[in-house]
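Thank you all for coming.

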Amino acid sequence: MARLNVAPTKSVQLNLRRDLEMATEGYNLLEQKREILVMEMMRLLDRVQHVQRELHERQETAYRTLRRAIAQNGLLHLRNVASGIHYEHQVKVESSLLAGFRIPKIQTEHTRFHSQFGFAGTDALVDATMKQFLELMESVAALAELETTVMLLARELKKTQRRVNALEHLFIPDYKATLHYIGESLESKELDSFFTSKLIKKRLEAAQRKTEEETHG
């Protein structure tokens with residue numbers, strides 16, 4: 001720890017005490033924020049693993065169904081059918097507050113699924129393929145939201161930890177050391193002043209007695 005280069009006066013002492021109280025309060029708030037971020041990070045990491053597994057399963061299922069649909073209906077025929085089917089897709093990105101900073105909320109919206117079975121000579125595999133890829137898109141959006149949130153959480157956690165460390169290991173110890181120095185300096189001055197006053201008082205009393213003796217002598 002290092003002592004601040006300030007004058008050891010009462011006014012400086014009062015100002016440093018006020019600053020130390022604010023720093024301590026800020027440290028406590030940052031420590032609470034850090035704990036919230038850590039807990040949220042752990043919760044989201046578990047969620048990420050779950051959604052990753054879900055995405056992988058949906059991806060495998062969707063592409064497996066697509067391969068079957070191609071084998072059953074022919075690639076060219078499916079392309080012609082797909083060109084006549086239109087689904088409106090929209091990705092909405094909003095945000096919410098967590099421990100004082102914003103995290104993303106990603107939502108995918110699309111036109112309600114309509115069965116195409118029998119349309120232009122298609123079979124149920126075409127419907128299954130479309131439905132499964134729509135579900136896959138939802139998983140992609142969910143994973144994108146989670147991974148982005150985890151990245152932002154990690155960045156905010158690192159920044160918060162730096163501030164906590166600075167307050168805990170630098171700012172607060174330096175201010176405490178400085179206040180200790182000022183307290184000792186002021187106490188030393190008070191003692192010097194006290195002994196000086198006592199000495200002056202004794203000299204005055206001695207001078208007064210001598211004057212009285214000379215007067216009565």
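Predicted model: local features only at pLDDT ≥ 70, side-chain atom pairs only at ≥ 80, totals over all residues.

**Helix contacts, salt bridges and a pocket**

Let me begin with F171, whose place is in helix α3; helices here are DSSP runs of H or I with at least four residues, strands are runs of E with at least two, and both are numbered from the N terminus. Residues are numbered from 1 along each chain as its sequence is written, and side-chain values use heavy atoms, with hydrogens and water left out.

F171 is partly exposed, with a relative accessible area of 32%, where buried means under 20%, exposed means over 50%, and partly exposed is what lies in between, with a 1.4 Å probe and protein chains only.

L14 is found in helix α1 and is exposed, with a relative accessible area of 53%; between the C-alpha atoms of L14 and L179, which are 165 residues apart along the chain, the separation is 9.3 Å.

As for the layout, the protein chain has three helices and two strands, and read along the sequence they follow the pattern α-α-β-β-α. Of the 217 residues of the protein chain, 29% count as buried.

Now to the salt bridges, by which I mean a side-chain nitrogen of Lys or Arg within 4 Å of a carboxyl oxygen of Asp or Glu. By this rule the count comes to five salt bridges. One of them joins E156 and K33, with the closest N and O atoms 2.7 Å apart. Because E156 lies in helix α3 and K33 in helix α1, this pair ties together parts that are 123 residues apart in sequence. Are these two residues buried or exposed? Both E156 and K33 are buried, and for E156 the relative accessibility is 9%.

E156 also meets K159 in a salt bridge, at 3.5 Å from N to O. K159 and E156 are three residues apart in helix α3, so they are separated by about one helical turn. K159 is partly exposed, with a relative accessible area of 32%. Taken together, K33, E156 and K159 are linked in a network of salt bridges.

Another salt bridge is formed by the side chains of E145 and K105, at 4.0 Å from N to O. Since E145 lies in helix α3 and K105 in strand β2 (residues 101–110), the pair ties together parts that are 40 residues apart in sequence. E145 is buried, at 17% relative accessible area, whereas K105 is partly exposed, at 36%.

On the surface, V38, M42 and L45 form a nonpolar patch with about 240 Å² of accessible area together. L45 has its place in helix α1 (residues 10–73), and at 36% relative accessibility L45 counts as partly exposed. Patches are made of residues with over 30% relative accessible area and no salt bridge, with like charges joined within 9 Å and nonpolar side chains (Val, Leu, Ile, Met, Phe, Trp, Tyr) within 5 Å. The accessible areas come from the Shrake-Rupley method with a 1.4 Å probe, and for residues only the protein chains shown count as cover.

Lastly, the largest pocket. A pocket, on a 1 Å grid over the protein atoms alone, is an open set of points where a 1.4 Å probe fits, with protein on both sides within 12 Å along at least five of seven lines, and lining residues have an atom within 4 Å of a point. The largest pocket has a volume of about 350 Å³, a volume being the space filled by probe spheres set on the points, which are joined across faces, edges and corners. Its lining has 15 residues, of which A82, V126, T129, M130 and F133 lie nearest the centre. Which helix gives the most to the lining? That is α3, with five residues, and α1, α2 (75–83) and α3 (124–216) each supply at least two.
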